[in-house]
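Keep the 3D view open as you read.

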Amino acid sequence: MENVLNHYNENYRILVTSGKIAIHLEMVAHHVRERLDEIKRKEVDRLRVKGFDERVLHHLDVENPHTFEMKDLEKLIVKATKDLDELDQKRKKEFKEYEMEKEHERREHLKELPEEERKKEEAKFEEMKKKHKDHPKVHHPGSKKQLEEVWEEKDHMDPDTFDPKTFFKKHDINGDQYLDVSEVESLFQEELDKVYDPENPEDDMEERYEEMNRMREHVMKEIDLNHDGMVSEQEFLDYSHNKDFEKDEGWDTLDEQEQYSEDDLHAWNATGNAARATARSLQPGSTEIPTT
């Protein structure tokens, strides 16, 4: 039975990521199809006015500028899936650069200080790192233990009555039988609160945002078997019966992982990024980057 389900999930994943699931467009009501036709015509006109090269458009079939067909939906699904992946990769790259810029500015600041002041600053830095790491255990995102904590603390439900189906319905805010990205990310706020407090100078809210995104990526990888960027009710219930759901292996927070190497930092400096970062920090009204 498990092999049959795996085969089905893999086939469905291919349907979604390839855009072939667009064949279901034929099931859409006539008035909806008419509205889609109208939207497509406006979009094609907009692109032509802007001078887009129709040969390189990836999200619409411009050879047929009049009606919205399966080929259009197929292109949109493929493009949206690719865009989500690219956005995550871009976010990770920018976060890495943010962390390197932060460390660069910290080191540059230390160079300007007399030896005694420098020692005090380094000791303060280490103390802040230690305080940041001193937090309650973070549950494995998407595990039964983590969701039970949401059930009890956020939903104010009896911890002994946890029910996956009821839990899903409570957090499917718009009632469409899917947990979208924002609905999934909302499940991690209690865990993130354990590590990041905006009132604490040792806690960096940029890191909290990155932590949340990595939790979301991890949970989607485990539960979103058809890779459509959402968790369906059935996917959620199937996962709740999986033996991995019962495991709580904890979660390595960002401070427990190396975000860049010294070689990365040297390469970043060599490209002139460090000079630009220093120039920005000297501009009037610039905001100091947290040093943890």
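## A space inside

First, a term: a cavity is a set of grid points where a 1.4 Å probe fits but cannot get out, and its lining residues have an atom within 4 Å of a point. Keep in mind that this model is predicted.

How many cavities of 30 Å³ or more does a search of the whole structure find? There is 1, and the space in the largest cavity is about 60 Å³. Its lining is made of Gly142, Gln146, Leu147, Leu179, Val184, Leu187, Phe188, Val219, Ile223, Val231 and Phe236. Helix H5 (144-153) and helix H9 (205-223) are the elements that give two or more residues to it. Sort the lining by type and you get 9 nonpolar residues, 2 polar and no charged.

In soluble globular proteins, nonpolar side chains tend to be buried together. Here, the largest nonpolar core has 28 residues, and Leu147, Phe167, Leu179, Val184, Phe188, Val231 and Phe236 have the most contacts inside it. H9 supplies the largest share of this core, with 5 residues.

Zoom in on Phe188. Setting aside neighbours within four places in sequence, Phe188 touches Pro141, Gln146, Met212, Met215, Arg216 and Val219.

## An enclosed helix

Why is helix H10 (residues 233-240) described as largely enclosed by the rest of the structure? Because 6 of its 8 residues are buried, meaning under 20% relative accessible area. Those are Glu233, Glu235, Phe236, Leu237, Tyr239 and Ser240. They pack against H5, helix H6 (164-171), strand S1 (178-179), H9 and strand S2 (231-232).

How values were computed: Residues numbered from 1 in each chain as written. Predicted model: local features only at pLDDT ≥ 70, side-chain atom pairs only at ≥ 80, totals over all residues. Heavy atoms only, no water. 1 Å grid on protein atoms, 1.4 Å probe; cavity = no way out; pocket = protein on both sides within 12 Å on 5 of 7 lines; lining within 4 Å. Points joined across faces, edges and corners; volume = space filled by probe spheres on them. Helix = DSSP H or I, 4+ residues; strand = E, 2+ residues; numbered from the N terminus. Nonpolar A, V, L, I, M, F, W, Y, C, P; charged D, E, K, R; others polar. Buried < 20%, exposed > 50% of the residue type's maximum accessible area, 1.4 Å probe, protein only. Contact = heavy atoms within 4.5 Å. Core = buried A, V, L, I, M, F, W, Y, C linked by side-chain atoms within 4.5 Å.
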